[in-house]
Amino acid sequence: MPEPHRAAVYYVPEPDDPLWSRGCAWLGRDPLSGERLPQPPVAGLEGMTESPRRYGFHATLKPPMALRHGLDAFIADAAALAARMRPFDLPPLDIANLHGFLALCLAGACPPMRDLADACVAELDHHRVPEDAAARARRAEGRPAAERAYIERWGYPLVFDAFRFHMTLTDRIADNPLVPAAAAHFGETLAASRRVTGIAVFVEEGAGAPFRLARRLRFGA
């Protein structure tokens, strides 16, 4: 497999979970095959999902980063981390407006998910090539001191106590009008029980390229 521009670790639903197929359809792309998918007939949806479509339907655990030791070593360490984890239940999901971004968020607390995200951030960080000072400054602009400190140490603001599980559905839109359409599209999948049984490595093959699902890594295997 060619070395990617960046790689990340995400949570994604199981392949047979309707949440996965509906999430990919909402964004208009299958990150496994790379194929464009027909989106729901919602006015303006294609133009309001450009950024999340490129990243793929997911919740971030270890944010995208350039790799210091190559993709094979990164996947090997992510697989070793996954092998130590055990499956857990995910609470139901709610549709939330996060500062203009529409997202699926957890309806209740989930300490195992927080522990998983913390482990991915800390234990895989030796693979990260830090961004330069200018890029860190752009990322830190307007953020509180604690998040700026996380950017300096971990390359990303929303980690550890600032982590919030979210699966992004739109670009940032003032007075986001898509809540009713998203509620209708995802429907009963939001309240369905689901088991978290693994993590996924996504890769950005070139700068600005769509992220691709490169490998699913199972817990306890």
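A: A salt bridge here means a side-chain nitrogen of Lys or Arg within 4 Å of a carboxyl oxygen of Asp or Glu. The model is predicted, so local features need pLDDT of at least 70 and side-chain atom pairs pLDDT 80 or more, while totals for chains, interfaces and linings use all residues. Residues are numbered from 1 along each chain as its sequence is written, and side-chain values use heavy atoms, without hydrogens or water.

The structure holds 16 salt bridges. Let's start with Asp89 and Arg195, whose side chains meet at 3.0 Å, N to O. Asp89 sits in strand S3 (residues 88–90) and Arg195 in strand S8, so this pair ties together parts that are 106 residues apart in sequence. Helices (H or I, at least four residues) and strands (E, at least two) are DSSP runs, numbered from the N terminus. How open are the two partners? Asp89 is exposed, at 51% relative accessibility, and Arg195 is partly exposed, at 43%. For these words, buried is under 20% relative accessible area, exposed is over 50%, and partly exposed lies in between (1.4 Å probe, protein chains only). Elsewhere, salt bridges that share partners join Lys62, Asp125, Arg128 and Arg153 into one network.

Now to Arg194, also in strand S8 (residues 194–196). The side chain of Arg194 forms a salt bridge with that of Asp17, at 2.7 Å from N to O. Asp17 belongs to the loop between strand S1 (6–11) and helix H1 (18–27), so the pair connects parts of the chain that are 177 residues apart in sequence. Arg194 counts as buried, with 7% relative accessibility. Asp17 is buried too, with a relative accessible area of 11%.

A further pair is Arg36 with Glu46, at 3.5 Å from N to O. Arg36 and Glu46 each lie in the loop between H1 and helix H2 (50–55), 10 residues apart. At 48% relative accessibility, Arg36 is partly exposed, and Glu46, at 47%, is partly exposed as well.

Next come the nonpolar surroundings. A nonpolar core is a set of buried Ala, Val, Leu, Ile, Met, Phe, Trp, Tyr and Cys residues joined through side-chain atoms within 4.5 Å. The largest such core has 58 residues, and Phe57, Met113, Leu116 and Phe165 touch the most other members. Helix H3 (residues 71–84) supplies the largest share of this core, six residues. Met113 is worth a click in your viewer: neighbours within four places in sequence aside, Met113 is in contact (heavy atoms within 4.5 Å) with Tyr11, Leu61, Phe88, Leu90, Phe163, Phe165 and Val196.

Last, a look at strand pairing, where two strands pair if DSSP finds at least two bridges between them. Three strands form an open antiparallel sheet in the order S4-S5-S7. Strands S4 (93–98) and S7 (166–168) stand at the edges with a single partner each, so one side of each has no neighbour in the sheet. S5 (residues 101–106) pairs with S7 in the antiparallel sense over three bridges, and Met167 in S7 is the bridge partner of Leu104.
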